[in-house]
Amino acid sequence: MAQLKFNDDGRFSVMLLGDPHQHGETDTQHKRDVMADTSALINAALDKLKPDLGIYMGDNALSNTPEMFAKAVEVLLKPFEDRGIPVALVFGNHDHDNEGSIPLAEQVKYYRQYSQCLFAEKPAESGYWDYNLTVKSSDGKRDAFNFWLMDSGNHAPAEYNSNYAFVTTEQLEWYTEKCKALSEKNGAPVPAINLQHIPVPEETLFMKKVSPLIKFGYGIEGLNAHKGGWYLLDRKNTDVIGEIGEFPCCCDYNNGQFDCWKKNGDVIAAFFGHDHLNDQLGTVDGIALGQCRLVGFNPYGDGMRQAVRMIYLDENEPRKFRTSMHFYRQIVGNSCRSIPWKLKVINDKQSMALNRWKYIACALGGAVAVGAGASKIYKIAKK
Ligand SMILES: [Fe+2]
Ligand SMILES: [Fe+2]
């Protein structure tokens with residue numbers, strides 16, 4: 001496996017690619033268009049932004065037959081292979097769902113057929129597909145940075161009353177042991193970024209409850225314990241920036257992963273996939289928590305808002321980073337084929353508002369036609 005290393009100028013850049021949900025099937029025009037649009041974004045983003053590492057944030061290649069799965073993997077990894085850019089992946093809930101057809105260990109083998117793929121060869125001692133990638137200093141003498149790539153599982157057991165899972169205690173023990181060993185080797189905790197699919201519950205701290213009467217057109221409906229309430233990003237009492245189109249889709253139960261980062265002292269930031277419409281970024285107790293939207297055109301999205309997130313590191317200031325979102329519209333243009341024209345001309349907030357007003361119109365009665373039209377504009381699919 002290639003050893004990552006800061007460049008001679010002390011810089012290192014990472015591209016996060018969220019939720020491609022890439023299928024290998026090409027039997028309909030729409031499937032071919034989805035593949036072409038996702039490929040266009042990945043290839044153009046790599047050419048424009050030239051990262052030193054790419055990371056797929058879960059819900060990656062999803063197909064039921066070996067042939068189709070291999071095709072989906074090719075869409076995701078060949079752009080990196082062609083350019084000689086290393087690429088890593090974490091598993092998402094849909095990768096776990098795909099286990100019935102292609103077990104996770106088999107999925108990893110398909111990814112690892114590409115020489116640039118850094119996915120671990122086997123699971124960690126916890127049994128989960130967790131691994132870490134160190135980045136050497138530019139002189140190659142020390143571990144200057146580290147990435148934790150964690151498998152956040154699939155669904156939470158029923159007793160947790162939340163749809164999606166969390167990183168388990170056994171996984172946190174694995175992380176703590178590994179972190180200690182790295183600290184001892186380097187004389188201090190090695191600054192790190194944690195990457196995983198399902199967000200931690202601390203992301204809900206960026207949300208504030210709003211009156212449905214005032215904010216119905218723009219508010220986000222809560223999930224799990226927050227269900228029934230309407231929320232917006234709390235830009236007044238937190239330092240959160242970015243946009244949100246859905247409530248953080250984490251487990252209500254907090255298994256202490258965030259506290260574990262604080263205790264071990266290495267993690268400066270954590271980024272997540274899973275929430276396709278979100279790119280908010282804020283800090284909690286000095287640790288940045290951020291989303292990266294989605295790169296794939298197969299799941300729902302409101303149009304041209306598919307994007308990648310870049311993270312820029314400097315080995316001289318390894319506890320700081322810069323980050324930026326880069327949207328399909330900016331990178332590729334307005335040529336997307338798989339999205340209806342209506343979705344190309346409206347943005348996230350407008351589409352969310354249309355979705356809300358659809359319900360108001362229905363509630364008022366006599367506006368069924370408006371509702372039917374709006375539902376075509378913003379279609380929410382299951383994750
Ligand atoms: Fe997803
Ligand atoms: Fe997901």
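Asn-224 counts as buried because 20 C-beta neighbours lie inside 10 Å; a residue is called buried if 20 or more other C-beta atoms lie within 10 Å of its own, exposed if 12 or fewer, and partly exposed in between, with C-beta atoms placed from the backbone. This is a predicted model, in which local features need pLDDT of at least 70 and side-chain atom pairs count only at pLDDT 80 or more, while totals for chains, interfaces and linings use all residues. Residues are numbered from 1 along each chain as its sequence is written, and chains are lettered from A and ligands numbered from 1 in the order in which they are written.

**Positive phi in loops**

Asn-224 is not a glycine, yet its phi is positive, at about 50 degrees. The residue sits in the loop between β9 (220-221) and β10 (230-233). Arg-293, also not a glycine, has a positive phi of about 60 degrees and belongs to the loop between β13 (287-291) and β14 (307-314). Arg-293 is buried, with 28 other C-beta atoms within 10 Å.

| Residue | Phi | Loop |
|---|---|---|
| Asn-224 | about 50 degrees | between β9 and β10 |
| Arg-293 | about 60 degrees | between β13 and β14 |

Helices (H or I, at least four residues) and strands (E, at least two) are DSSP runs, numbered from the N terminus.

**Helix packing**

Helix α1 (residues 29-49) packs against helix α2 (residues 66-83) at an angle of about 30 degrees, and their axes are 10 Å apart. That makes α1 roughly parallel to α2, a term for angles under 35 degrees, whereas over 145 is roughly antiparallel, 65 to 115 roughly perpendicular and the rest oblique. Axes are lines fitted to C-alpha atoms, for helices over the stretch in contact, and angles run from 0 to 180 degrees between N-to-C directions. On the α1 side the contact is made by Met-35, Thr-38, Ser-39, Ile-42, Asn-43 and Leu-46, and on the α2 side by Val-75, Pro-79 and Arg-83; contact requires C-beta atoms, placed from the backbone, within 7 Å.

**Sheet**

An open sheet of 5 strands has the order β4-β3-β2-β14-β15, with mixed pairing; two strands pair if DSSP finds at least two bridges between them. β4 (87-89) and β15 (321-327) stand at the edges with a single partner strand each, so one side of each has no neighbour in the sheet. From one strand to the next, the twist averages 20 degrees. Strands β2 (residues 11-17) and β3 (residues 53-56) run parallel and are joined by 4 bridges. Val-14 has Leu-53 as its bridge partner in β3.

Conventions:
Two residues are in contact if their C-beta atoms, placed from the backbone, lie within 7 Å.
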